Each structure stands twice: as C-alpha cells, then as structure tokens.
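I kept these notes while going through one structure.

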Amino acid sequence: MSVHFIQWNTSHDMLKEVNRLYDAAGTFDCIEKGDLVAVKLHVGELGNPYHVQPFFVHDIVRRVKEAGGKPFLTDSTTYYCAQRNNGYDHTVTALMHGFGMAPFIVADGLRGENARLVKTKGILKEVEVAGVIAEADAMIVVSHNKGHELSGFGGAIKNLGMGCTSQAGKLRQHRTIGLEIDTSKCIGCGKCKDACSMHLPEIIEGKARNTSPLCMRCPMCSEACPTGAIKLTDKNNLCRALASAAYGVLSTFRKGKVSYVSFAKDITQYCDCLPNPGERVMKDVGIFASNSPVSIDAAFLGMIDYKIFNDAYSVDCMLQVKEAKNLGIEGDTAPKINRIS
Ligand code: SF4
Ligand code: SF4
C-alpha cells in the first residue's frame, strides 16, 4: 500500500499543497454521504505548542463535509492526571488550542469509561476501544510524528492504539511494561512518591515499594529518582501492545473506512502528552497520506535517522510497525512513496 508525501517547504502555500496530497492519496474516499466521521487528533497537553496546527484540521473538516460526511473532532482522555484527564478538561484544552472548528466529542466520555471491549490479536487478548470511535462510520487519523519516551516514537499506530482507547485500555497497554525497584540503591527520599500524580510508591522502613495495580509504568518516578533505583523494563512490550490495540480499534470499522494523514513537522524529543515536549530534534520533513497505518509510519521512519529515538529511549521504533504488520494490519514496512512535486 503506497504512501503519498509532500515535502515541508514554506516557500510554497502548504495549505494548497496539502490538498494536492489529499487528492493524490484519495484521503477522503473512505467517506460516504451521511457518514459520521471521526477526525482523530491529539490536541496536545495544555501549553504544548507543537501539536498539529488548527488550520490544517479546519481544512480537513472542510474536506470531510465536501465528501458528504459529518465531521467531528475527537480524542480520548488520559489515564494520568493532567489537563485532559476528563471530558470537561479535555474539551477546554481542545478549545484553548484552537480546535473549535467542528464539534469536539470526547472519545471515551466524561470520565474516560465509555468503551467497547473488543477481542484483538498479539500481546493483548482484548482491548477497550473508546465508545465514540467504535460508533463512528469512518475516521481520518491525523497524527503528529514525534519522539516518545516509552515507544520510541509516536505516529499513526500510536494514535490508533493508545489514542483511540479508553483509560482502561491505556492502562492495559502500559501494564505490559515492568517496573523494578532496586532497594539496595533506594535511600528512602520519597521523590518518586512526589513525582507520581497518584502518589503510588509507598516508603516503608526507608525503602520505596510499588505494588499498586493502578501504576501505569510512566517514566515520572524513575526520572525523579536521584539514585537510579527505579527501572522500567520490557519497554518493547508497549510497542507490541500499541500494535495489538490498533488492531482492535480497526476491527470496529468496515474495511476501507479509515484514512491517515501524518504531519512530520516540529518533531520533538517528547510526545504531545507533555506541556514541555523538549527540543525539536530534526528538520521538518513533510506531510504523509496513506490508507495504511503500517505504511505511513514506515514511510516516516524510512526518511529520518530514527536511531536518535532508539538510542535516547532504548527501544526500537520499527517494532510497533513490524508488529502491526505481523498481526495482519494491511501495509508495507518498506512502502513505495509517491512524492508530490
Ligand atoms: S510509574 Fe511511577 S510515576 Fe508512573 S504511575 Fe507508576 S508509580 Fe506513578
Ligand atoms: S526516589 Fe528513588 S531513592 Fe528516593 S525513595 Fe524513591 S526509589 Fe528510593
């Protein structure tokens, strides 16, 4: 399955150019008259300046309407406690970041519990797909490519797997990672407990302990630990879980009803889930369009030196792509790329 690509070039009108990309890729061919079309984006944690620019999303909404669909913007709540942890705060964040060009319907409801449990393949046996996603007729997956502390990078597969599942689905994926505390290194300072938004680590007799089933294996406590006593293990499992969850999400759509657009621009060190995503780590690449999440992510990785992410996060960026392909999600790990000139 091919990928269409347009290079980022600000000596051109990129809004006009991206429409040529959509036409060549048939981005909106998945829409039939009257379809309720989810425009799945990541609105960014409040204050993050590098999410997809609203005018591109405005234009996608226009194109969905032109194709006969009824577009709505959607994203799911976060498991961790920040500015998108419930439907109310998430909607406020979306509006503050400029995403008011169509109804914003939170994918998993007011408290992140609206989900459909579906069977899937791979490392997860089942996953909680966000209810609104599962009910949509078609979906345009709008992704911002960037680094990610746990999965190496985030693109279309991550936008599907993590982004289209409820809080329970997110926890299920994160729990495939292990967490170890080396008590011989622990000095009982409690910085891990302070760093955890749920204050899960306990300090017992001067040593940290974490046995909570609510722990989502995020990097906050390990990064705060001054002695390196906390380690996240088996991070590759999360890459497999993303692919597994993505398979479950796609099973709720009829074949050919999902299309992908990825913006490889403002490619930051960390993901859009943080208000402070760090430095931009490479030059802007361009915009990709495809009808396969495998192909579109592989095309991006094939164009950059993703070793920078592999080395920084000790995880292989290609793993989620290969796993998605292995599970039977259509696409190529070395896709043909049609450059729009
Ligand atoms: S990994 Fe650490 S910071 Fe993250 S939820 Fe678990 S205990 Fe809290
Ligand atoms: S931050 Fe590290 S050293 Fe301090 S209590 Fe937690 S595990 Fe122990």
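The notes below cover a strand, a ligand and the nonpolar cores.

I worked on a predicted model, where local features need pLDDT of at least 70, side-chain atom pairs count only at pLDDT 80 or more, and totals for chains, interfaces and linings use all residues. Residues are numbered from 1 along each chain as its sequence is written, while chains are lettered from A and ligands numbered from 1 in the order in which they are written.

**Strand β2.** I looked up strand β2 (residues 36-40) and found that 4 of its 5 residues are buried, so the rest of the structure largely encloses it. Buried means that 20 or more other C-beta atoms, placed from the backbone, lie within 10 Å of the residue's own. Strands are DSSP runs of E, at least two residues, and helices are runs of H or I, at least four, numbered from the N terminus.

**Its partners.** I noted 5 bridges between β2 and strand β3 (residues 70-74), in the parallel sense; strands pair if DSSP finds at least two bridges between them. Ala38 has Phe72 in β3 as its bridge partner. On the other pairing, β2 runs parallel to strand β6 (residues 138-144) with 4 bridges, and Lys40 is opposite Val141.

**Cores.** I checked the largest nonpolar core, which has 84 residues, with Val39, Ile133 and Ala246 making the most contacts inside it. Such a core is a set of buried Ala, Val, Leu, Ile, Met, Phe, Trp, Tyr and Cys residues joined through C-beta atoms within 7 Å. Helix α9 (residues 236-250) gives the largest share, 10 residues. A second, separate core has 7 residues, including Ala208 and Cys221.

**Ligand 2.** I listed 16 residues around ligand 2 (C-beta atom, placed from the backbone, within 6 Å). Cys186, Cys189, Cys192, Ala208 and Cys225 come nearest.

Notes:
Buried ≥ 20, exposed ≤ 12 C-beta atoms within 10 Å, placed from the backbone.
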